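Here are my notes on the model, as numbered points. Please read them with the structure open.

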Amino acid sequence: MRASDICTLDVVCIHASASVTDAAKLMRKSHAGALVVIKQPDGERIPVGIVTDRDIVMSVVAADVPAATLTVGDIMSSPALTCGEDHHLLEIISVMRTKAIRRLPVVNAHGVLAGMVTADDVYLALGVLLHEMNAAITDEQTREHELRV
């Protein structure tokens, strides 16, 4: 399975110049735990960072900093860690594990945002693969039983 097979295509984005308050409102409205921070040269969405609900909690709420005084660019993780559309599931897992992240924007060959792979997407894909493996084992056992009867 490749990133393009398992990613969410509808990615919620924001610009680095947006306020943290606007980011939090957008997260709430779109039921998203993370926003991809983009720049848009030529109208293309190019990931430059990511901001998560945890970033807001740790950098703003817990630090007792007024949200109105900060922009997304002040608290986002940057540069954006991304994977290509052709990255395989095991490569995605390796990046998530080594970088200790749960979300990975997916970019096309030109670096334009194409989707987002989350830990939930990975778990779902692994579940499908495990189900397929179980079916293969079950089919083999059934075939063997039929041959011996």
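1. Strand β6 is largely enclosed by the rest of the structure, because five of its six residues are buried. Buried means under 20% relative accessible area, exposed over 50%, and partly exposed in between, with a 1.4 Å probe and protein chains only. Helices (H or I, at least four residues) and strands (E, at least two) are DSSP runs, numbered from the N terminus.

2. A word on the basis of these notes: the model is predicted, so local features need pLDDT of at least 70 and side-chain atom pairs count only at pLDDT 80 or more, while totals for chains, interfaces and linings use all residues. Residues are numbered from 1 along each chain as its sequence is written, and side-chain values use heavy atoms, with hydrogens and water left out.

3. β6 belongs to an open sheet of three strands, ordered β4-β5-β6, with mixed pairing. Two strands pair if DSSP finds at least two bridges between them. β4 (83–84) and β6 (113–118) are the edge strands; each has a single partner strand, so one side of each is left without a neighbour in the sheet. Helix α5 (residues 89–99) packs on this sheet and touches β4, β5 and β6. Contact here means heavy atoms within 4.5 Å. The direction of α5 makes about 135° with that of β5. Axes are lines fitted to C-alpha atoms, for helices over the stretch in contact, and angles run from 0 to 180 degrees between N-to-C directions.

4. Now the pairing in detail. Strand β5 (residues 103–107) runs antiparallel to β6, and five bridges join them. Leu104 sits opposite Val117 of β6. Arg103 has Thr118 in β6 as its bridge partner. The two strands form a hairpin with five residues between them. In that turn, Gly111 has a positive phi of about 80°. Gly84 has Val107 in β5 as its bridge partner.

5. How many residues of β5 are buried? Five of the five are, so β5 is largely enclosed by the rest of the structure. Arg103, Pro105 and Val107 point one way from the strand, and Leu104 and Val106 point the other way. All are buried.

6. Look next at Ile101, in the loop between α5 and β5. Ile101 counts as partly exposed, at 23% relative accessibility. Leaving out residues up to four places away in sequence, Ile101 touches Leu81, Val95 and Met96. Leu81 is 20 residues from Ile101 in sequence, and their C-alpha atoms are 9.2 Å apart.

7. There is another sheet to check. Strands β1, β2 and β3 form an open sheet in the order β1-β2-β3, with mixed pairing. β1 (13–15) and β3 (46–52) stand at its edges with a single partner strand each, so one side of each is left without a neighbour in the sheet. Neighbouring strands of this sheet are turned by 40° against each other on average, direction ignored. Strand β2 (residues 34–39) pairs with β3 in the antiparallel sense over six bridges. Lys39 stands opposite Ile46 of β3.

8. The structure holds two salt bridges. The criterion is a side-chain nitrogen of Lys or Arg within 4 Å of a carboxyl oxygen of Asp or Glu. Arg2 pairs with Asp5, with the closest N and O atoms 3.8 Å apart. Arg2 also meets Asp86 in a salt bridge (2.4 Å, N to O). This second pair links distant parts of the chain: Asp86 lies in the loop between β4 and α5, and Arg2 in the segment before α1 (3–6), 84 residues apart. Shared partners join Arg2, Asp5 and Asp86 into one network. Arg2 is partly exposed at 30% relative accessibility, while Asp86 is exposed at 52%.

9. Last, the surface. Met1, Tyr123, Leu124, Leu126, Val128 and Leu129 make a nonpolar patch of about 560 Å². Patches are made of residues with over 30% relative accessible area and no salt bridge; like charges are joined within 9 Å, and nonpolar side chains (Val, Leu, Ile, Met, Phe, Trp, Tyr) within 5 Å. Accessible areas come from the Shrake-Rupley method with a 1.4 Å probe; for residues, only the protein chains shown count as cover. Leu129 lies in helix α6 (residues 119–148). Leu129 is partly exposed, with a relative accessible area of 39%.
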